[in-house]
Amino acid sequence: MIDDLYSAKLLRLAAEMPRAGRLEAPDATSEKVSKLCGSRIVVDVKVEDGRVADFAQDVKACALGQAAASVLGAHVIGASLEELEATRDAFRSMLKAGGPAPEGRFGDLALLAPVKDYPARHTSTLLAFEAAAEAVRNAVERRT
């Protein structure tokens, strides 16, 4: 069962971290930490016209959190707050309630579906999307 969780595709995602680092002058930043395992993700965003224009992430997480952050980093440019929140909510439902995987640009999150059987891993797996949605919300609210 653990082999399903740590598939070669998932480990490859975890090893490839798009947009790693920090932005020099972000519109907003969000930090999320898993108290259970200590995983930590800091997200910086720049938002233009309600969409992510630039993005960086500092990820200190397990392979599952890194894989989710990798999917986020690869596809986040151009995403709206609504899209990020809908993806976060669908991702959470997939993990906690066995719901369908998010669709669209973040569809690769389907690779993380086996995490649903490991509740202790849910928080660290969701960190990147929670941080991104919060950062974008904060950036949008500052501009209005």
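Trainee: Is S39 buried or exposed?

Mentor: Buried means under 20% relative accessible area, exposed over 50%, and partly exposed in between, with a 1.4 Å probe and protein chains only. S39 has 4% relative accessibility, so S39 counts as buried. This is a predicted model, in which local features need pLDDT of at least 70 and side-chain atom pairs count only at pLDDT 80 or more, while totals for chains, interfaces and linings use all residues. Residues are numbered from 1 along each chain as its sequence is written, and side-chain values use heavy atoms, leaving out hydrogens and water.

Trainee: Where is S39, and with which residues is S39 in contact?

Mentor: S39 sits in the loop between β1 (28-33) and β2. Strands (E, at least two residues) and helices (H or I, at least four) are DSSP runs numbered from the N terminus. Contact means heavy atoms within 4.5 Å. Leaving aside neighbours within four places in sequence, S39 is in contact with K32, V33, S34, K60, A61, C62, S124 and L127.

Trainee: What is the order of the strands in the sheet?

Mentor: Two strands pair if DSSP finds at least two bridges between them. Here the order is β1-β2-β3, an open sheet of 3 strands with antiparallel pairing. β1 and β3 stand at the edges with a single partner strand each, so one side of each has no neighbour in the sheet. From one strand to the next, the twist averages 15 degrees.

Trainee: How many bridges join each pair?

Mentor: There are 6 between β1 and β2, and 9 between β2 (residues 40-48) and β3 (residues 51-60). V33 stands opposite R40 in β2. In β3, A56 is the bridge partner of D44, and Q57 is that of V43.

Trainee: Which residues in the hairpins have a positive phi?

Mentor: G38 has one near 85 degrees, in the hairpin of β1 and β2, where 6 residues lie between the strands. The hairpin of β2 and β3 has 2 residues between the strands, and D49 in its turn has a positive phi of about 55 degrees.

Trainee: How is the packing of two helices described?

Mentor: By the angle between their axes and the distance between the axes. Axes are lines fitted to C-alpha atoms, for helices over the stretch in contact, and angles run from 0 to 180 degrees between N-to-C directions. Helix α3 (residues 63-75) and helix α5 (residues 122-143) pack at about 35 degrees, with axes 6 Å apart. Residues making the contact include L64, A68 and L72 of α3 and A128 and F129 of α5.
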